[in-house]
Amino acid sequence: MNLHTIDTGFFKLDGGAMFGVVPRTMWEKLNPPDENNLCTWAMRSLLIEDGSRLVLVDTGMGNKQDAKFRSHFHPHGEATLEKSLQQLGYTTADITDVFLTHLHFDHAGGAITRTPDDKLVLTFPNATYWSNQAHWDWAVQPNPREKASFLKENILPIQESGHLQFVDPVAGVPNALPQLREIIFANGHTEQMMAPLMQYKGRTVAFMADLLPSAAHVPLPYVMSYDMRPLVTMREKEDVLARAAAENWVLMLQHDPTHECCTVQATDRGIRVAETFRLADL
Ligand SMILES: [Zn+2]
């Protein structure tokens with residue numbers, strides 16, 4: 001089994017919203033904002049290559065949003081989902097499974113493509129798309145605070161295609177996805193977000209999704225204002241980081257603009273970043 005980073009480009013989000021209660025004087029050193037207080041963030045996906053199976057974890061935001069949307073989120077950078085797959089010798093038709101950590105637009109937007117004649121179709125026509133029932137129900141009837149992150153055009157066509165399957169949180173990893181060792185279900189960021197764990201090169205690799213968007217978010221109070229239940233996030237982050245420090249996990253950081261991965265260690269100030277590196281250098 002091989003793991004590959006799939007870069008899908010960058011976007012911008014308000015620094016204050018991304019760092020919650022942490023004052024700008026502290027976070028601006030970690031991710032310097034532009035003149036509009038916006039910081040740059042990556043949208044990094046993961047490709048699990050295992051014999052004839054190609055499992056893509058998250059899809060970036062895709063390219064079907066209009067100019068107004070783009071003026072809010074400033075998607076930029078050379079990389080796209082398609083180009084990054086091409087560099088590994090694959091096309092979107094080769095993907096057998098799309099594992100969606102959650103259905104926010106910067107994670108699931110690339111799952112659906114708008115055709116020139118304005119139809120919404122699966123970007124990965126041969127893939128099974130994985131979500132879970134509780135998150136799906138939450139996303140299709142969004143609360144007013146989270147509504148701007150759940151775009152119907154990214155979500156409903158998946159179900160209409162007949163390619164949607166749900167992970168059962170009680171059973172855990174589905175038999176169809178033996179590449180995953182465990183799935184961590186987290187309820188702080190949104191309802192039942194899924195962070196998959198893999199065993200790779202003798203290490204545990206955790207795709208952290210929005211439980212740990214960047215290395216700057218390792219200290220416990222660094223919780224996004226976007227989170228629905230910030231106190232739950234703090235507890236979930238504390239638990240996962242304790243396991244990660246004890247077992248020297250590789251944490252894959254989906255939104256960190258510079259660091260793909262990090263390890264963490266216990267210090268007398270709490271859990272802190274130990275090392276940062278690229279997945280390919282593992
Ligand atoms: Zn999210």
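Rings of Phe, Tyr and Trp (its six-membered ring) pair if their centres lie within 6.5 Å; planes under 30 degrees apart count as stacked, over 60 as edge-to-face and the rest as tilted. By this rule, the predicted model holds eight aromatic pairs. In the pair formed by F69 and F73, the ring centres lie 4.7 Å apart and the planes meet at 45°, so the pair is tilted. F69 and F73 are four residues apart in helix 3 (residues 67-73), a separation of about one helical turn. F69 and F73 are both buried (under 20% relative accessible area, with exposed over 50% and partly exposed in between; 1.4 Å probe, protein chains only). The rings of F124 and Y129 are also tilted, because their centres are 6.5 Å apart and their planes stand at 50°. F124 is buried at a relative accessible area of 0%. Y129 is buried, with a value of 0%. Ring pairs also join F19, W27, W41 and Y222 into a cluster.

Residues are numbered from 1 along each chain as its sequence is written. Local features in this predicted model need pLDDT of at least 70, side-chain atom pairs count only at pLDDT 80 or more, and totals for chains, interfaces and linings use all residues, while side-chain values use heavy atoms, with hydrogens and water left out.

Six strands form an open sheet in the order 1-2-3-4-7-8, with mixed pairing. Strands (E, at least two residues) and helices (H or I, at least four) are DSSP runs, numbered from the N terminus. Two strands pair if DSSP finds at least two bridges between them. Strand 1 (2-14) and strand 8 (164-166) are the edge strands, and each pairs on one side only. Strand 4 (residues 97-99) and strand 7 (residues 128-131) pair in the parallel sense over three bridges. Within this pairing, D97 stands opposite T128 of strand 7.

A zinc ion is coordinated by H102 (NE2), H104 (ND1), H189 (NE2) and D210 (OD), at 2.1 to 2.2 Å. Donors are N, O and S atoms within 2.8 Å of the metal (3.2 Å for Na, K and Ca); water is not among the atoms, so sites may look incomplete. Along the chain, the zinc donors follow the spacing H-x1-H-x84-H-x20-D. H102 lies in the loop between strand 4 and helix 5 (105-108), and H189 in the loop between strand 9 (182-186) and strand 10 (193-200). This pair, 87 residues apart, links distant parts of the chain. H102 is buried, at 0% relative accessible area. H189 also counts as buried, at 4% relative accessibility.
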